[in-house]
Amino acid sequence: MAMALHNREILRLATAGSVDDGKSTLIGRLLYDTKSIFEDQLEAVERTSIQMGSQYVNLALLTDGLRAEREQGITIDVAYRYFATPRRKFIIADTPGHIQYTRNMVTGASTADLALILIDARNGVVEQSRRHAFISSLLRIPHLVVCVNKMDLVGYEEEAYELVCAEFTEFARKLDVGDVTFIPISALHGDNVVDRSASMAWYQGTSLLHHLEHVHIASDRNLIDARFPVQYVIRPYNDEHHDYRGLAGTVAGGIFKPGDEVMVLPSGLTSRVAAIETFDGSLDEACAPMSVTIRLADDLDVSRGDMLCRPNNQPMVGQDIEAMVCWMGDRTRLTAGAKLTIKHTTRTARALVKELRYRLDINSLHRQEGVESLGLNDIGRVSLRTTQPLFFDEYRRNRATGSFILIDESSMATVGAGMIIGPE
Amino acid sequence: MSPGPTTATPSPHSLSNLRELEAESIHIMREVAAEFECPGLLFSGGKDSIVMLRLAEKAFWPAKVPFPVVHVDTGHNFDEVIAYRDKRVAELGVRLIVGSVQADIDAGRAIEETGPRASRNRLQTVTLLRTIEEQRFDAAFGGARRDEDKARAKERVFSFRDEFGQWDPKNQRPELWALFNGKIRRGEHIRVFPISNWTELDIWQYVDEEKIELPSIYFAHRRRVFLRDNMWLADTPFVTPQANEPIIEKLVRFRTVGDASCTGAVESAADTVEKVIAEVAATRITERGATRADDKISEAGMEDRKKEGYF
């Protein structure tokens, strides 16, 4: 069996939720049923549950790792959990669901292929489910799975499930979401989590785990727009590789092949890909998210922060950018006129907030215009002016070349996450 | 927008889990080399740091690894591990910096624990922080994985340390996409964990796929051991078995490699990488739970030590 495990893909999933909606129970079950919880972890959780006076084994303790979290009985940060089946390796970014932890949800969502949204079958779509769905769509998570949970408490009735599906579908019309799948489950009893439930014969779909193992993610990657942000220039300075000059980096989109004509930004000079190299040998092609070293046919002046693309398919180049920003600073607020450090692909520059266009109420999706500032966990639209040109795509087209972070210049903390809408 | 099965068709452009993890780790290491002035790679001789060193070799090939290898040496070593370290450093042509716990004890900067359960594990923090300060490292790579411990599960890839080397779990920088914030002031540093997303099984499968040599103690061998706290500790000059801890010879291997006084062996007949993978895939106890006396102290043992500046 061990050998077959080598060629599994990785699926990164994000969950968000509070104590009551069964999220921890669901994760606990996925981990337990795939044998990813170890006996000593379970023992430790049992011990702590008893110490805390809990009558049942609190599976949330498996993920709530920090002392402060256990003391307060809440999840306050993003926790990463791992499990694997013979088909795939899964990385769960587990985040709290309350509005005061929006920044954690945004963080967990930023790398996810799939978002898991839990809805209590008794309560239907509530504010928190809408918020999670909105953040998933804002961060462009390609796949959404809505687990209608606690089906056991509504008698496993199809109508209850259909009601939730209809309600969610109606709400999701307002969002830009691609693929939505609904699954009726009971995390507590394991219905439709790993195996198909015997209690819901009316449900024709697959179990959650089966879906996670089979959902098609390879085509989520952008294989069209060739983008290679130069990360590091490799110059060995030894006799064997005397004139070697390799452009190291991670492919951020499209496919690069030896012989391809490429353009270097910002210089606009063109050359050809002489070779794509790795420690393990030369490659016939490279696509995201491979880390490779590209050698060009001509000796051009290229350094970190530059970008390789195709002459006939270039990113946008500019210093004026429109973006959605989630503010993450707890000591400062984002206001027009603020100056921050911006990190975009491998380029670092300074950015001036020219205008705060509106704040978005992430529960109602209403735009609040005329606001003075964004505070912690607020999401809004801004226009920025940068000190150097950035080479970018719309975030909806490419998450790697459409995203940036903002850094406070005095505290050096990461205070903002941005998704580019386009040039101003 | 309907329930139902989705079929997965294999794509020529999908990467295997190990190749994707490798690419992510290489990206992180290059980012550090590009943005920091003086990084160092913490190397214990354990399998995780061995894999990390291999990833560094790959990230900068055909150039040499552009930072030194740093070993915090407790003096309680397995000979096989030191021999392996020296051989690997020579192969790569990188500089080795050894921070000696013994030197800190001799100078009175660290106080040796006493009693039969004395360990130098905790003292390593003193030596680690002194070495980082003396060498003026602004970034230190560590081989920690998030699946090892609950506190580690929440730690960032770029983990900020203040001028005292402390980790503040409540005040971590948000970390999004593959955009890492390495901005610091003088005296502060970043601990960088490039293999955060690897699991124990991933490490072993990578060792297998890459045919990476490991110190022999990772494979089943006969060794004189004694049982303490349900763990087989090796009979070495660094620990004193008590009267009720008889020494016997057993077929064992180590799942982790650390200070010889507190790293336990597990009973195992796995003498090849394939057999170890089969064993890891079937095991029901975490590697730290099985083999680290120091981690059994409390639920928050790791969090507390990390706040002080531990690895």
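Biologist: Which residues does Leu41(B) touch, not counting residues up to four places away in sequence?

Modeller: Leu41(B) touches Met52(B), Leu53(B), Ala56(B), Phe67(B), Val69(B), Val70(B) and Phe141(B). Touching is contact: C-beta atoms, placed from the backbone, within 7 Å. One caveat: this is a predicted model, where local features need pLDDT of at least 70, side-chain atom pairs count only at pLDDT 80 or more, and totals for chains, interfaces and linings use all residues. Residues are numbered from 1 along each chain as its sequence is written, with chains lettered from A and ligands numbered from 1 in the order in which they are written.

Biologist: How many helices and strands are in chain B?

Modeller: Chain B has 9 helices and 10 strands. These are DSSP runs numbered from the N terminus: helices are H or I, at least four residues, and strands are E, at least two.

Biologist: At what angle do helix 1 and helix 2 of chain B pack?

Modeller: About 70°, with axes 9 Å apart. Axes are lines fitted to C-alpha atoms over the stretch in contact, and angles run from 0 to 180 degrees between N-to-C directions. The two helices of chain B are therefore roughly perpendicular, a label for 65 to 115 degrees.

Biologist: Which residues of helix 1 of chain B make the contact?

Modeller: Glu22(B), Ser25(B), Ile26(B), Met29(B), Arg30(B) and Ala33(B). They meet Leu55(B), Ala56(B), Lys58(B), Ala59(B) and Phe60(B) of helix 2.

Biologist: Now helix 5 of chain B. What follows it?

Modeller: Arg136(B), with a positive phi near 55°. Helix 5 itself covers residues 124-135.

Note on methods
The expected span of a helix is 1.5 Å times one less than its number of residues. Two residues are in contact if their C-beta atoms, placed from the backbone, lie within 7 Å. Angles under 35 degrees count as roughly parallel, over 145 as roughly antiparallel, 65 to 115 as roughly perpendicular and the rest as oblique.
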